[in-house]
Amino acid sequence: MPFTEQLVEVDGCRTHYRRGGKGRPLVFLHGAGGAPVVLPFMEKLATRFDVVVPDHPGYGKSDEPQWLENIHDVAYFYLDFLARLDLKDALLVGASMGGWMAMEIAVRDTARLRGLVLVAPAGVKAPGVEPADLFLLPPEEAARRLFHDPSFAEKRLAAPMTPELIDLQLKNRHTTARLAWEPRLHDPHLPKWLHRIGVPVAIVWGAQDRILPVAISSELGRLLPKSTLHVIDGCGHVPQEEKPDDFCDIVFRFAR
Amino acid sequence: MQIVLFHLMPYADLDLEAGRKNGTVWVTLPNANFDPEKGHRLYNRYLDELEYGEELGFDALAVNEHHQTAYGLMPSPIVTASALARRTRRAKIAILGSALPLRSHPLTVAEEHAMIDVITGGRLISGFVRGIGAEYHTFGVNPTFSHERFHEAHDLIVRAWTEPGPFAFEGHHYKHKYVNLWPRPFQKPHPPIWIPSQGSKETIDWASHPDRRYPYLQTFSPAKVVQRYLKSYRDTCAGYGYQCEDRQLGWAVPVYVSSTDAKAREEAKAHFEAFRNVFVRMPLEMLLPPGYTSRESLKNVMKAKAQMFGDVTLEQALELGLFVCGSPQTVLASFRKYWEEMRFGNLLVLCQFATLPSDLTRASMERFAREVMPALKALG
């Protein structure tokens, strides 16, 4: 299923996104590392959905708007983005930072949403659970921690670094810091409003997540009592890349 | 030339092996490594050294701010400056500087600096910094707002020092209904403001602006780098349409003086290398968090990573001009040569570094003050 690249201006921000497939809309919100390429899980999702993968404001090939100061700005931006593309009954799938964004969007307005899939989401602090410090980990160590199966990290580390990729990584890292430096990777006000999410929620987590430990899912389950939890064994922080078939099956079953 | 005795107040009793093993003495080195009884002796020893600096004829005594590190034990240089305020009579006291963006309420800086200025009858030199990258980790302040917060806090402080209060301040990061400083500073219009920096174009453009003309101090860098940035400051002034005065430029550098070159090197070697290779060391991610510098500067540092983050020996440091060490004749000749190349009006000498003990520190200070300083003061 081919993906096309497009640009749309929303709130003065030229926003780059990829789109492919047919079916009900599915918006994938990427994590701190961005979504620079079409990955196998996107192709697979596109067999059943109209998949939209935006680069968040401040990430990838999207602009870095002046107004982008915190995660709330991102949430309001995405409500405008959904309206601009006139997406209805959309499944919002957010991974890590993107999962946090999905929750921030949904506590504000779910009118265009059919449901949420939160993949090892940031956004909520669980008592006694310490996430890895993204901003202090050396890059190699960070890559290794993303996956349970070391071959994924080795493959990623072996990939050639171009100047364009370095620029992209620095840009993504800058925006991640802007949104998530303090409080680190969460919004202390978010738990107060999670009850406003009336649409179904599925939570997906790798059992061996060494970035945001799976223990956070208990706290999230407590805050979202109607959600369903799917823990994938033998899997790190990025189930959609490390276990794409399991991940897509969960999304397909959830959407039925 | 104005000669300033600069102190970092490091934790000289540090277990160097613990520091090396942890990879850095910043942010993550467990504070179990700090012994308050040793700390008590060190603080008092260092304050004595600074007070001795006045007796030896230094023009100013300088302290600075660092947090959660063995590198320097002055999370508040204002405390140190206050201790010096009543124990000194003549020397200026320089706070180089207060890390403005780390404050949630920069008026506290305006107030406390003003207090010292009034207590000392106008002997304060204020300095403003952004804090180094590691401090954005320890303080949690978002580094992507560092420049904005610095500029806004600066504007607030200078207005608080100079404008009749009460007035309201409406910034983006700082908002105050009532700004009405008691006490107002002693010096008119306000204490001098110096800007220490590791070197950045943004800082030079800002400090040298005709509205400010703040003295710019290049800290702990190879002489070639110092020369490049000081020249850049001069060029920027020319670009603004005025000629830079020598008093607008300064260099902060570790110095060690002994009876002969060989003796100086032998005595300083272990201590200097501990300074450069243990106390200063930190990983890139800690030094330059996102947004602390422009992404272009960050990329340049990444390219020079091997050179910047590897060990440096005393011999290499002397070659680089990262350290000035030798007999009084050698040290004087070095600074003469550097001065002729750069014409800095302020020289900040770090006479104590890392583990350098009290007796060697004092002997070096004495030799510098008696045999080097008079000739340097006569320059420019």
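This is a predicted model: local features need pLDDT of at least 70, side-chain atom pairs count only at pLDDT 80 or more; totals for chains, interfaces and linings use all residues.
View 1. On one side, 17 residues of chain A are in contact, and they touch 21 residues of chain B. Look for 9 residue pairs in polar contact between the two chains, counting pairs with both residues at pLDDT 80 or more. Helix H6 of chain A, residues 163-180, gives the most to chain A's side of the meeting, with 8 residues. That side of chain A splits into 9 nonpolar residues, 1 polar and 7 charged.

**View 2. A salt bridge from chain to chain.** The interface has 2 salt bridges by the rule used here. In one salt bridge, B:Lys299 reaches A:Asp167, with N and O 2.4 Å apart. B:Lys299 also has a partner in its own chain: B:Glu296, at 3.3 Å between the closest N and O atoms. Those two sit 3 residues apart in helix H11 of chain B (residues 295-303), so about one helical turn separates them. B:Lys299 is buried, at 17% relative accessible area, while B:Glu296 counts as exposed at 51%.

View 3. Strand E2 of chain A (residues 13-20) runs antiparallel to E4(A), joined by 4 bridges. One pair to spot is A:Tyr17 with its bridge partner A:Pro54. Strand E3 of chain A (residues 24-29) pairs with E4(A) in the parallel sense, also over 4 bridges. There, A:Val27 stands opposite A:Val52.

**View 4. Salt bridges within chain A.** Over all chains, the count comes to 31 salt bridges. One of them links A:Lys88 to A:Asp86, with the closest N and O atoms 3.4 Å apart. A:Lys88 is exposed at 52% relative accessibility, and A:Asp86 is partly exposed at 41%. Another joins A:Lys125 and A:Glu130 at 3.5 Å, N to O. In this pair, A:Lys125 is partly exposed at 36%, whereas A:Glu130 is exposed at 62%. Elsewhere, A:Glu5, A:Arg18 and A:Lys61 are linked in a network of salt bridges.

Definitions and conventions
Residues are numbered from 1 along each chain as its sequence is written. Chains are lettered from A and ligands numbered from 1 in the order in which they are written. Side-chain values use heavy atoms; hydrogens and water are left out. Contact means heavy atoms within 4.5 Å. A salt bridge is a side-chain nitrogen of Lys or Arg within 4 Å of a carboxyl oxygen of Asp or Glu. A polar contact is a pair of N or O atoms within 3.5 Å; within protein, one must be able to donate a hydrogen and the other to accept it, and residues adjacent in sequence count only if both atoms are side-chain atoms. Ala, Val, Leu, Ile, Met, Phe, Trp, Tyr, Cys and Pro count as nonpolar, Asp, Glu, Lys and Arg as charged, and the others, Gly among them, as polar. Two strands pair if DSSP finds at least two bridges between them. Buried means under 20% relative accessible area, exposed over 50%, partly exposed in between (1.4 Å probe, protein chains only).
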